Amino acid sequence: MSVVVPECCDDLKRERGRCLFNKEELTNILDGGPKLTEKRRRIEKMLINTPELFDDVSPDYLSHEDRYSNELRKATQLMTTLEKNGFTYNDAVTTGTGLWLLMDGNPLSLHISMFLDTIKGQSNPQQLQEWLPLAEKFKIIGTYAQTELGHGTFVRGLETTATYDSTTKEFVLHSPTITATKWWPGALGKTSNHAVVMAQLYLGGKCYGPHIFMVQLRDLETHRTLPGIVVGEIGPRLGMNSNDNGFLQFNHHRIPLTNMFMKHSQVTEDGKYVKPLHSKLSYGTMVQTRVGIVYHASRELSRALIIAIRYSAVRHQSEMVPGDPEPQILDYQTQQYKLLPHLASFFALRFSARALLEVFIGTSAGLGSGKMNMLPELHALSSGLKAVATNDAVKGTDICRLACGGHGYLSSSNLPRIYTAIAAGITYEGENTVLFLQVARYLIKSFRASSQGQTLPFSVSYLRVQPPSSHAPLMSDRGLVDALGAGVRWMVGEAERRLQQLVDSGHSPHAAWNACSVHLVQCADAHTRYYICEQFVDAVSKLGETVSSGVHEVLRQLCRLYILHRVIQTAGILLRCGAVDGKALTSIEEEECHLLATLRIQAVSIVDAIDIKDVFLKSTLGAWDGNVYQRIYEEAQKSPLNKSDVTQGYYQYLRPLMKANL
Ligand SMILES: CCCCCCCCCC/C=C\CCCCCC(=O)SCCNC(=O)CCNC(=O)[C@H](O)C(C)(C)COP(=O)(O)OP(=O)(O)OC[C@H]1O[C@@H](n2cnc3c(N)ncnc32)[C@H](O)[C@@H]1OP(=O)(O)O
Ligand SMILES: Cc1cc2nc3c(=O)[nH]c(=O)nc-3n(C[C@H](O)[C@H](O)[C@H](O)COP(=O)(O)OP(=O)(O)OC[C@H]3O[C@@H](n4cnc5c(N)ncnc54)[C@H](O)[C@@H]3O)c2cc1C
């Protein structure tokens, strides 16, 4: 398949003609620099030149088994193509290129993410030496098996046991109940021959809590399930049905002592336990995946936005002025209001994902030298950003679908698949409400620490009891972000007051927590969004000195829109705490509408700069050339029902009904 850039339709030509900024420069910023753009494009070119990676037939028309096999065929082809051309799987993950080909549920995604990450992050040197080369070369294929039928959220409640037998120097893995069955892990059903398994460690009759074990599930030659193990697929789901999410039960299955991951905690041959430096270090793979999901969510949102914004520039509907030609639907202010704040969100998430990655890298480096102090901050930031990013990507993707009217409901628009894939992100890797409650715990703790005069870590330093007053004019970006910060401080203070009041009136701290949890989740959401605003403002101001004025102006406008939109969403709180007044809000609303009209002019060029090629967008509505109707029509011709004029169903059911004497 060669990359031919088709001539685009007149509407899109006109839109592109209005571009006042350097698209390539914006692309580079989004990729993280020109070198990364160049690398991404090299990978893309290589993938585009591998026709086996592209579907001839939509997965919707395949049987469940063929759908899985087809995705597995493409996943293995992707891995070998990358390897042969000198790229790593990580390159495909970090540039997003591999994911776009396989977002119907890539059966190797858990292997190249959580399985490999657990080996790298939880192994002692011997284990690393043994397992990493095997996993990197796909000699063993694995997944991350933690969630059970009975427990996903509450890791400490998992029921699978790993009991040490010092006579044989083995762990005995067992699923004591039906609810102990591992349930959900991606690629567990049929693909994986190994899994990293989270199980309760028992030594001498005492439980030491969840620990991670490397477990072989299938024979490496025959791929048959090993004795003592029951494994299978869990059946169809809302989306990603080409994956084989699975179940797993152990019946007193034995593994060697050396198969417990021992980087952080250890069990000696005589059954003694050596504690980790921090009790949550075994949750490290989850934290790392949450960081990756923030990027992933922003990428998926950007695909939906490209589709919906290009389509909105091509689609004409109704009369804005009676008798005039039908306008592009993008000219309707309501359409701009649906799409452009989400476009701003995409940029905000992209900059925040980068900031989070830096925190992750810094914290990981610290852990290497025994420094644990950044761990709570990383946990709170990664939890909050994972939750906001997936919530916003899901909401934004669905709005993109709705903004495309009926055609957005077509599978060939690709919006349903993007939506159902990212919708899972709200639940997996920590259900979002649960993650927000973890953030809230950190906020309340920080707020209380500050009242006792302690210095707060950087992401929560604005919560200190006596913050310096903002000198920035309210209507400046900084002034509005400070107002948002004042709003969060007020919310957290109010939550703390309500918690204390409940405790003072005789409730237990846990009952008080539950009674305030709606408000606490709102605090966590508001805090994370404040952090995102800060990162966006920061990134744009830092770029200011290095980029051309056209690009800077577009980024400034997107950042402004993000902040204004956020202030309007939070109006109730900001009014209650006196951070803004009604007059300011009126002018913010007016400015937002004005900004929508300004950004509309270059909206197509902005999404062009995200630079996702048609073969990766996979959408009849969002292609570069805007040739929407022809593509929709051609896709419909591929329906198996169109292979014959009269279907079997007619002879079997309709005709008898028509002939029956009813
Ligand atoms: C080609 C593909 C590439 C992929 C790359 C990535 C891109 C993404 C692509 C996505 C596609 C597919 C991937 C699909 C993956 C999905 C996989 C999964 O879903 S795996 C299963 C995930 N499961 C979870 O996330 C479970 C969520 N639950 C928890 O994490 C914990 O149970 C909990 C944090 C909710 C609670 O833990 P608990 O032990 O009970 O702790 P407490 O609440 O009592 O808190 C005590 C104390 O500990 C602190 N804490 C908790 N967690 C951490 C942590 N991780 N790090 C640091 N500290 C932590 C907590 O804050 C408390 O602190 P205090 O000081 O006491 O307040
Ligand atoms: C597509 C997909 C892929 C997955 N892949 C994997 C995988 O590879 N490996 C793996 O191990 N797991 C995987 N999972 C499982 C996933 O991690 C869990 O589903 C997730 O952690 C949520 O847990 P749960 O299903 O037990 O939900 P529950 O915790 O039962 O959530 C149900 C409801 O209860 C609420 N709730 C729960 N606890 C609290 C609380 N403390 N406070 C307030 N409200 C609460 C939640 O907010 C939610 O509204 C996958 C899931 C999906 C959907």
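Is threonine 147 exposed, partly exposed or buried, and how many other C-beta atoms lie within 10 Å? In this predicted model, threonine 147 has 19 other C-beta atoms within 10 Å. A residue counts as buried at 20 or more such atoms and as exposed at 12 or fewer, so threonine 147 is partly exposed. Its place in the chain is the loop between β1 and β2 (161-165). The unreviewed UniProt entry lists Thr147, together with Gly186, under "binding site". These two positions are spread over 40 residues of sequence, yet they cluster in space, with a largest C-alpha distance of 10.7 Å.

Ligand 1 is surrounded by 33 residues, the closest being Ser109, Tyr283, Gly292, Tyr428 and Gly430. Two or more residues of this shell come from each of α6 (97-101), α7 (109-122), α9 (284-314), α11 (375-403) and α13. Among these contributors, α9 gives the most, with 6 residues. The class count around ligand 1 is 14 nonpolar, 14 polar and 5 charged residues. Here too, at least three residues are drawn from each of domain 1 (115-276) and domain 2 (285-456 + 470-607).

Next come the strands. In general, strands of a sheet pair through backbone hydrogen bonds, in either a parallel or an antiparallel way. In this model, an open sheet is formed by 3 strands in the order β4-β8-β7, with antiparallel pairing. Because β4 (182-183) and β7 (229-233) stand at the edges with a single partner strand each, one side of each has no neighbour in the sheet. The pairing of β7 with β8 (residues 246-250) is antiparallel and runs over 5 bridges. Within this part of the sheet, glutamate 233 stands opposite glycine 246 in β8.

A last feature to look for is helix α10 (residues 333-368), which has 36 residues. From its first C-alpha to its last, α10 reaches 52 Å, close to the 52 Å expected at 1.5 Å a residue. Just after α10, glycine 370 takes a positive phi of about 80°.

Key
Residues numbered from 1 in each chain as written. Chains lettered and ligands numbered in written order. Predicted model: local features only at pLDDT ≥ 70, side-chain atom pairs only at ≥ 80, totals over all residues. Helix = DSSP H or I, 4+ residues; strand = E, 2+ residues; numbered from the N terminus. Expected span 1.5 Å × (residues − 1). Near = placed C-beta within 6 Å. Nonpolar A, V, L, I, M, F, W, Y, C, P; charged D, E, K, R; others polar. Domains from an automatic or database assignment. Pairing = 2+ DSSP bridges. UniProt positions renumbered as here; feature names shortened; annotations may be inferred.
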